[in-house]
Amino acid sequence: MKLKQLNEIVNGTVVVENNPDQEIAHIFSTDLMSDALALVDGGEDTMILTGLCNMQTLRTAEMLDINTIVFVRNKFPDEEMIAHAKKMHFNMYSTAYTMYETCGLLFKAGLKP
């Protein structure tokens, strides 16, 4: 699924978008970045879905070679996070849906764990 389609499904707000045509096949949802580090293989076809909106999330994604993050529950990154995301060519979105709702919508649309 392309990022622009994903963002439409979750009725998201674009925070930073470097490649709206990037393909995403896998999603990992967590607020515990230690779980992401332990359980995620990573790669550009994977995204992180989280309510943790701080620099730790960006650094974790960077270590896993993941360049797409969707923040749930109307979380919105601060200017420092946005500047870092732009520098690292990340894609970041925000949605009003809860993590549970967002996971359900994206699973129904074909994304895999």
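## Model and confidence

The protein has a mean pLDDT of 95, and 100% of its residues reach 70 or more, where pLDDT is the predictor's confidence in each residue on a scale from 0 to 100. This is a predicted model, in which local features need pLDDT of at least 70 and side-chain atom pairs count only at pLDDT 80 or more, whereas totals for chains, interfaces and linings use all residues. Residues are numbered from 1 along each chain as its sequence is written, and side-chain values use heavy atoms, with hydrogens and water left out.

## Methionine 33

Methionine 33 lies in helix H2, which spans residues 33–39. Leaving aside residues up to four places away in sequence, methionine 33 touches Thr50, Leu52, Gln56, Thr57 and Thr60, contact meaning heavy atoms within 4.5 Å.

## Asparagine 67

Asparagine 67 sits in the loop between helix H3 (55–63) and strand E4 (68–71), and it counts as buried because its relative accessibility is 12%. The side chain of asparagine 67 makes a polar contact of 2.9 Å with that of glutamine 22 and one of 3.2 Å with that of threonine 68. A polar contact is a pair of N or O atoms within 3.5 Å; within protein, one must be able to donate a hydrogen and the other to accept it, and residues adjacent in sequence count only if both atoms are side-chain atoms.

Conventions:
Helix = DSSP H or I, 4+ residues; strand = E, 2+ residues; numbered from the N terminus. Buried < 20%, exposed > 50% of the residue type's maximum accessible area, 1.4 Å probe, protein only.
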